[in-house]
Amino acid sequence: MIKIALKNIKLLHFINKIPLIRYFFILKIDQNFHNIRDNAVLEKFYQDIYVENKTSKKTANMRFNDVDSIALKYLNYNRKQYIHDIAVSSGITSDNFYEYLKKKNINFQMDISDKYSQISVKKGFTTKVYDADNNLSFAYWGFFFAGDKNIFFPLTVFLYKIIRKFDKNYDFNYSLYLFHPNILEKVKKQKINVVSYDIFQTTIKEKYDFVRCMNILNKTYFTDNQIMTALENIKQSIKENGILLIGRTNNKGTNNASIFQKKANKFIFMEDINKGSEVKTLV
Ligand SMILES: C[S@@+](CC[C@H](N)C(=O)[O-])C[C@H]1O[C@@H](n2cnc3c(N)ncnc32)[C@H](O)[C@@H]1O
């Protein structure tokens, strides 16, 4: 089975409502990507994209409503709170969090990051999409989508492998951020900052009061050692008494997360949301 790529948003919106059939279709990206405001079509697109280290870009509007309201308890109303949302994909959940905190009159500055937020595109019958390290992220061969990981669509993966194997071309027609239009608007108005942050490599010194790390340090993606390296980096970036919120959304859509406070360079457990994070013992 192979996935079909379309540009027509109305048609994709319609197809999205048809069970099973919807999985056969995906958005064909072009320069107008930032004008697409159909969340269902965008969500479906991010669901099928995997980055170089095989992590998914899946995200969803309003997916952290429960988590956001618990997070509020840990934010200080009396002074400006510096927040970092890590590995945000489209950033739609950062946008949700931003709007929620504004409504609650929190004084804050929000930074967001995602190592694979920027893509460069080479147009053609074979349209190729590269990440910032020039790795082929995904491609389109005419109407067919070529993607790196999908057990139900082996031809989609096979096509990706063929295109990647014979690809030597790194000249691009355009580059863009894979952020949601709401985020781009906030970045333009300097309401949100985009920071460059690789969870395994970047060190930031004690800048944040609150760090959120959802759906990236998962045991299915990384080894315990890798997760601990990333946690050490995150810890460096948090101020004394600052908060880490870490967790994963399970396949039923439940957010299993845990909250920790940094004290004397250690993470102290504060509370679990639902069943708590699967990496709790590593933290
Ligand atoms: C599943 S998405 C999580 C999106 C959002 N946090 C949520 O839970 O809805 C995981 C994101 O991690 C990003 N990512 C993968 N490796 C990373 C790394 N080494 N550093 C920072 N971000 C990374 C991917 O680009 C992807 O957008």
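Me: Which residue in β7 stands opposite Y130?
Reply: This is a predicted model, in which local features need pLDDT of at least 70 and side-chain atom pairs count only at pLDDT 80 or more, whereas totals for chains, interfaces and linings use all residues. Residues are numbered from 1 along each chain as its sequence is written. Helices (H or I, at least four residues) and strands (E, at least two) are DSSP runs numbered from the N terminus, and two strands pair if DSSP finds at least two bridges between them. Strands β6 and β7 (residues 136-141) run antiparallel and are joined by five bridges, and in β7 the residue that stands opposite Y130 is L136.

Me: Which residue in β6 is the bridge partner of S120?
Reply: Strand β5 covers residues 118-122 and strand β6 covers residues 126-130, and three bridges join them in an antiparallel arrangement. Three residues lie between the strands of this hairpin, where G124 takes a positive phi near 155 degrees. Within β6, the bridge partner of S120 is Y130.

Me: Which residue in the turn between β6 and β7 has a positive phi?
Reply: The hairpin that β6 and β7 form has five residues between the strands. The residue in question is not a glycine, although its phi is positive, near 65 degrees, and its place is the loop between β6 and β7. That residue is N134.

Me: Why does N134 count as exposed?
Reply: Burial is judged from C-beta atoms placed from the backbone: a residue is buried if 20 or more others lie within 10 Å of its own, exposed if 12 or fewer, and partly exposed in between. N134 counts as exposed because the number of its C-beta neighbours inside 10 Å is 10.

Me: How many of the six residues of β7 are buried?
Reply: On one side, β7 is joined to β6 by five antiparallel bridges, with T126 standing opposite W141 of β7. Strand β7 is also joined to strand β8 (residues 144-147), again antiparallel, by four bridges, and here A139 stands opposite A146. The hairpin of β7 and β8 has two residues between the strands, and G142 in the turn has a positive phi of about 60 degrees. Strand β7 is mostly covered, and the number of its residues that are buried is five.

Me: Which strands are at the edges of the open sheet?
Reply: Seven strands make up this open sheet, in the order β10-β4-β3-β11-β12-β13-β14, and the pairing is mixed. Neighbouring strands are turned against each other by 20 degrees on average, direction ignored, where axes are lines fitted to C-alpha atoms (for helices over the stretch in contact) and angles run from 0 to 180 degrees between N-to-C directions. Each edge strand pairs on one side only, and these strands are β10 (192-194) and β14 (266-273).

Me: Which residue in β4 stands opposite D85?
Reply: Strand β3 (residues 81-86) and strand β4 (residues 108-112) run parallel and are joined by five bridges. In β4, the residue opposite D85 is I112.

Me: How far apart are the C-alpha atoms of F25 and L6?
Reply: F25 lies in strand β2 (residues 25-27) and counts as buried because there are 20 C-beta neighbours inside 10 Å. Two residues are in contact if their C-beta atoms, placed from the backbone, lie within 7 Å, and, leaving aside neighbours within four places in sequence, F25 is in contact with K3, I4, L6, L12 and I15. F25 and L6 are 19 residues apart in sequence, and their C-alpha separation is 7.2 Å.
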